[in-house]
Structures are given as structure tokens and as C-alpha cells.
Amino acid sequence: MSDSENLTASSASTAPPPTSSPSAWSVSTAVAGLIVVIVSYAGPMAVVFTAAEAARLSDARLESWVWAISIGSGLTCVLLSLAYRVPVVTAWSTPGAALLVTALTDHPYDQAVGAYLVAAALTVLVGATGLFGTVMRLLPQSVAAAMLAGILVKFGIDLFTATEDAPALVALMLAAYVVGRRFAPRWATAWALLAGVGWTLLTGDVSFGGVHPDVARPVFTAPAFSWDAVVGLGLPLFLVTMASQNAPGIAVLSAAGYRMDAARSGRTVTTTGLASAALAPVGAHAINLAAITAAICTGREAHPDPDKRYAAGVVAGVCYLLVGVFGTTFIAVFTALPADLVAAIAGIALLGALGGALAAATGEEAHRDGALVTFLMTASGVELWGVGSACWGLVAGVATHLALSRRGSERG
């Protein structure tokens, strides 16, 4: 029996007999895949635009970045979902993009590309050798979560800072988000974006007159390697992507009843690492498993038969590819939006991730000191000897965690 047959045979046992369930290619799977893409671009893409603006990247490089992460996500979604007959949803690393908001201002772009390649190589290494689970077990989860929270907190603060210039806009978007969370959680971020765009159109703060259909073109950047970029960007990018994206992504599939043992998890992670490496020179910072959007495709709403929900992952992949091809048009739409709207939607899109990270970081009192050290050091934005705060936060937090854990064991 093949891997894919083993995998689908071990899916949730609640599925009805194949003859009584609709085709995998149904309206429900198509809608689920479309929702995944809408949610992915409605908020997380704003983080990419924020990072590009902070780094003053050219329009051509931003276009290439959007093309790369869209094409990478689309190809891996389609290939993995078809190979395993499981709704494997991939995406770009939103926490990784958040890290780049400061990192791209500290390192030349070609060195950042080199750091992307190092992070991708580490991902392939841990996936292909079976070290994925070992790395996740050795890294204190409270410290990893605190590093993620330290990276994301700036976006939460910027959300409310935007009220100084656009109080009505931010209030409306927050209200739309809260209502969405109450009645339709999957669409909450999309509702906030639509409310913001609607307000700016009504007030005349935005015009899409300059938006024209066009095809995106990748731009190659030869990677350069420096110790500062590898340690200050590559290592934190690898860790935050593994801890906040790949590990939860595997957990979502497992919780939905799909058997993702060590071998299959490793192959899946390896595939995303290879895609990241191949597309890094044209702008992809990290391709990884999705968690929140993956849950959209693994639920009963996508299809009553768990063995046929893989089609939702395929649809999501095809939609990613379409957006990637026409990325120039997409960028023109986004760049026409006011800066306050982009800051607000980025902050709103990351509220859930920030709240989850803070909860995971401080949930256990015994690990709280190390997590707080990590959080504060990362959030400070301090740079020492050319190495960014995310790496120093990780180092300081792990050291504090180990010191206090050893003291506790000696007392015991």
C-alpha cells in the first residue's frame, strides 16, 4: 500500500461511504480553498508591504517578492495535497515577514537573500533527517512563543498608533473585526479590510484609477552571505517559521484525523524548505505549512468526507498561482491604499497570532521568567555587534530558562 493510501485510510473514521458522499471537486471545497486565499491576502500580505516599505525596496523587487511567495505557496499546496490526498495548505511565513520589517533595514538585501537560503537549508536539514521533532522538543516552547510575540507586538502597537491620524478608519475596522469574530470568525480579517477600503472610497482617500491588469515578473538577486545576516536574520527566521508555522500546521492536520507521522511530516517540511530555497533568489523569505487557514480546509464545512477534502487544498493552490501571475495588479491595488489602512489591517491580522503567542509564552509560571526576558529583548529592537534583537532575545531567554530550570532541579 502506498503512502497516500495509508494516509487516507487512516483519516477520520467518521467519513460516510464513498458512494454516498459528493465528489471531491464540489462547491464546498472550492469555497473553502477560495476563503483560504482571501484570508491569506487580506491581512498577512500587508505585513510584507510594511517590510518592503521599511526597507525601501524597489517596486520591481516587491513585485518579485509577491510573485515568489504566491507561486511557492501555490505549487506546494497543489503538489502536497494531490500527493497525500490530504488538504495540505501552505503559505508564506507571516511572522517571518514581521521579522523582516526591522531586519531588512539592518542588512543589505542581497545578504537578506543569503539568510533566506540558510533558513531554507536548515528547514530541509531538519525535515530530511527527522530532526524536526527533536528541534521542536529541545527549543523551550515558551521561549519560542515569546520571541514570536516580541516580533509581532510592534504591529499591535502600530494598529493603535494609526488612530492619531485616522481614528474613524481604525475604529470602523476594529468594529468590523469584532463583529466578524463574533459571527463569522474565518472572515473577520476580510471584513475589517472591506470596511477600511469602503471607508477610504467614501472619503475619497484612495483611487484605483491607476490600476491596470499586468503580469508579474520575477527579479533575480544574487545572494551574499555574512555572519551578521545569518545569525541575526537567518537563524531567527528558521526558528520562528518552524515553531509558529510548521509545527502548528502539522498539529492541525493531525487533530483533523490525518495521520502525519514523523516520516510524512519530515517530507512535507522538506518540500516547503526546497521551495523556499528555489525561490529565495527572487524574493521568497519562507514557504511553510499554514495553521489557521489549514483549519478552513480540514473541517466538515469543506467536505463531509475527510478523504475528499484534499481538493480544497488544490483549489487554494490554484488561486495562489493566479494571484502570483497577476501580482503586479495586486501590488498596484495595495499601494493605492492609505498607509494608515495598511498598518491597521496588518495589526488586526496579527492580533490572533500575538494573543496566542503571549498565552503560550506566559502560560506556565515556571517558564515565565525566561519567556519575559525573550519577549522584552526581542521587542526592544536592540542590535548588538550587527546581530538583531530576535536572536539576542532567543539567546537570553534560553539562558534564563536553563539557569532557572537547573536551580529548580537542584532545590528539588
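This is a predicted model: local features need pLDDT of at least 70, side-chain atom pairs count only at pLDDT 80 or more; totals for chains, interfaces and linings use all residues.
Figure 1. Helix H8 (141-161), helix H10 (188-203), helix H16 (339-349) and helix H17 (351-362) are the elements against which the buried residues of H9 pack. Those buried residues are Leu-169, Val-170, Met-173, Ala-176, Tyr-177 and Gly-180. Viewed along the axis of H9, they fall within an arc of 130°, so they line one face of the helix. The face turned away from this buried side carries Val-178, Arg-182 and Phe-183, which are exposed. H9 covers residues 167-183, 17 residues in total, and reaches 24 Å from its first C-alpha to its last. That reach is close to the 24 Å expected at 1.5 Å a residue.

**Figure 2. Helix H14 and its cover.** H14 runs over residues 310-325. Its 16 residues should span 22 Å at 1.5 Å a residue, and its end C-alpha atoms are 23 Å apart, which agrees. The helix is mostly covered, with 12 of its 16 residues buried. Among the buried residues are the run from Tyr-310 through Ala-311, Ala-312, Gly-313, Val-314, Val-315 and Ala-316 to Gly-317. Further along H14, Cys-319, Tyr-320, Val-323 and Gly-324 are also buried.

**Figure 3. A nonpolar patch on the surface.** The patch is formed by Val-215, Val-318, Leu-322, Val-325 and Phe-326. Together these residues have about 390 Å² of accessible area. Val-215 comes from the loop between H10 and helix H11 (227-255). With a relative accessibility of 38%, Val-215 counts as partly exposed.

**Figure 4. The salt bridge between Asp-158 and Lys-154.** A search of the whole structure finds 1 salt bridge. In the pair shown, the closest N and O atoms of Asp-158 and Lys-154 are 2.7 Å apart. Both residues belong to helix H8, where they are 4 residues apart and so separated by about one helical turn. An α-helix has 3.6 residues a turn, so residues three or four places apart point the same way. Asp-158 is partly exposed, its relative accessible area being 24%. Lys-154 is partly exposed too, with a relative accessible area of 34%.

**Figure 5. The surroundings of Thr-268.** Thr-268 is placed in helix H12 (residues 262-279). Its relative accessibility is 0%, so Thr-268 counts as buried. Apart from neighbours within four places in sequence, Thr-268 is in contact with Leu-80, Tyr-84, Val-88, Met-260 and Leu-289.

**Figure 6. Arg-56, a loop residue with a positive phi.** Arg-56 lies between helix H3 (44-54) and helix H4 (59-84), in the loop that separates them. Its phi is near 55°, a positive value in a residue other than glycine. Most residues other than glycine have a negative phi. The relative accessible area of Arg-56 is 75%, so this residue is exposed.

Figure 7. Arg-85 is not a glycine, although it has a positive phi of about 55°. At 33% relative accessibility, Arg-85 counts as partly exposed.

Definitions and conventions: Residues are numbered from 1 along each chain as its sequence is written. Side-chain values use heavy atoms; hydrogens and water are left out. Helices (H or I, at least four residues) and strands (E, at least two) are DSSP runs, numbered from the N terminus. The expected span of a helix is 1.5 Å times one less than its number of residues. Buried means under 20% relative accessible area, exposed over 50%, partly exposed in between (1.4 Å probe, protein chains only). The arc is that of the directions from the helix axis to the C-beta atoms. Contact means heavy atoms within 4.5 Å. Patches are made of residues with over 30% relative accessible area and no salt bridge: like charges are joined within 9 Å, nonpolar side chains (Val, Leu, Ile, Met, Phe, Trp, Tyr) within 5 Å. Accessible areas come from the Shrake-Rupley method with a 1.4 Å probe; for residues, only the protein chains shown count as cover. A salt bridge is a side-chain nitrogen of Lys or Arg within 4 Å of a carboxyl oxygen of Asp or Glu.
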